[in-house]
Amino acid sequence: MKEEKFNPALRFQWLTGFYDRLISLTFPEKKIKQQLINLVDPKGNERLLDFGVGTGTLSIMLKQQYPEMRVWGVDVDDRILSIAYEKVQHKVELQHYDGKNLPFPDDKFDVVVSSLVFHHIPTNMKAKILKEIFRVLKPGGRLLIADFGKPRTQYTKIAFAIFRRFDGEEQTRANAKGMLPYFIMSAGFSVVEEGEHINTAFGTISYIKAVKAASIEK
Ligand SMILES: C[S@@+](CC[C@H](N)C(=O)[O-])C[C@H]1O[C@@H](n2cnc3c(N)ncnc32)[C@H](O)[C@@H]1O
């Protein structure tokens, strides 16, 4: 079967093995992930999907803070998943997917989280993928995203413009314009809020919280 094209964690697949070290040296990684985890606020043993799980760091932190939650992770990159398998030690159920159809039935998850993934997804795929996330969330389920948003300072505006040249101008354009909430709304989510943000050396990280209405017509 033909492998789908995707944008690896550090642009080139040969850099994937260095992802954890590079991101922890250059980015307030733990702070960004912790703020996202705090938004989860689980009610008992809910099911959570880490979309674009990468090397599994966010999933591990989630299991440490909320051991009662059941956590799944998906990613399009087999190479990064093999790093995650070593790290999560069966505490998280990891799955590869084709970048189009999530390998889960409708209404499976209470929460979907995603950190630093949507700026890797081409503009014409963002809405399709969000519709897939909408499908696998239960009515009343939450989508929580931390990713690059519209830069909030003059410095982050320049920094993100430079970063985009490395990470890809096309797939980061909607993030730079602060368009992610509109894509989320167009996928069917009813409540979409952009809350906190963190300014980093590469741009502004925005937090988005969206809800699938508790009762929807199919
Ligand atoms: C910068 S890494 C972030 C990984 C992890 N979420 C984190 O915060 O450390 C971006 C991740 O998005 C994944 N990715 C790229 N395109 C994707 C897609 N279409 N669907 C799901 N994941 C994708 C990459 O394989 C990579 O693991």
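Axes here are lines fitted to C-alpha atoms, for helices over the stretch in contact, and angles run from 0 to 180 degrees between N-to-C directions. Helices (H or I, at least four residues) and strands (E, at least two) are DSSP runs, numbered from the N terminus. The model is predicted, so that local features need pLDDT of at least 70 and side-chain atom pairs count only at pLDDT 80 or more, while totals for chains, interfaces and linings use all residues. Residues are numbered from 1 along each chain as its sequence is written, and side-chain values use heavy atoms, with hydrogens and water left out.

With those conventions, helix α6 (residues 154–167) packs with helix α7 (residues 169–176) at an angle of about 145°, their axes being 8 Å apart. In this contact (heavy atoms within 4.5 Å), Phe160, Arg164, Arg165 and Asp167 of α6 meet residues of α7 including Glu169 and Arg173. The residues of the contact divide into 2 nonpolar, 3 polar and 5 charged, where Ala, Val, Leu, Ile, Met, Phe, Trp, Tyr, Cys and Pro count as nonpolar, Asp, Glu, Lys and Arg as charged, and the others, Gly among them, as polar.

The sheet comes next. It is open, with 7 strands in the order β3-β2-β1-β4-β5-β7-β6 and mixed pairing, two strands being paired if DSSP finds at least two bridges between them. Because β3 (93–96) and β6 (191–199) stand at the edges with a single partner strand each, one side of each is left without a neighbour in the sheet. Helix α4 (residues 78–88) lies across β2 and β3, running at about 170° to β3.

Turning to the ligand, 19 residues surround it, the closest being Lys33, Gly52, Asp75, Tyr97 and Ser115; a residue is near a molecule if one of its heavy atoms lies within 4 Å of it. By class, this shell has 11 nonpolar, 5 polar and 3 charged residues. An N or O atom in the side chain of Ser115 is 2.4 Å from an oxygen atom of the ligand, and one in the side chain of Lys33 is 3.0 Å from an oxygen atom of the ligand. A polar side-chain atom of Tyr97 lies 3.0 Å from a ligand nitrogen atom.

Definitions and conventions:
A polar contact is a pair of N or O atoms within 3.5 Å; within protein, one must be able to donate a hydrogen and the other to accept it, and residues adjacent in sequence count only if both atoms are side-chain atoms.
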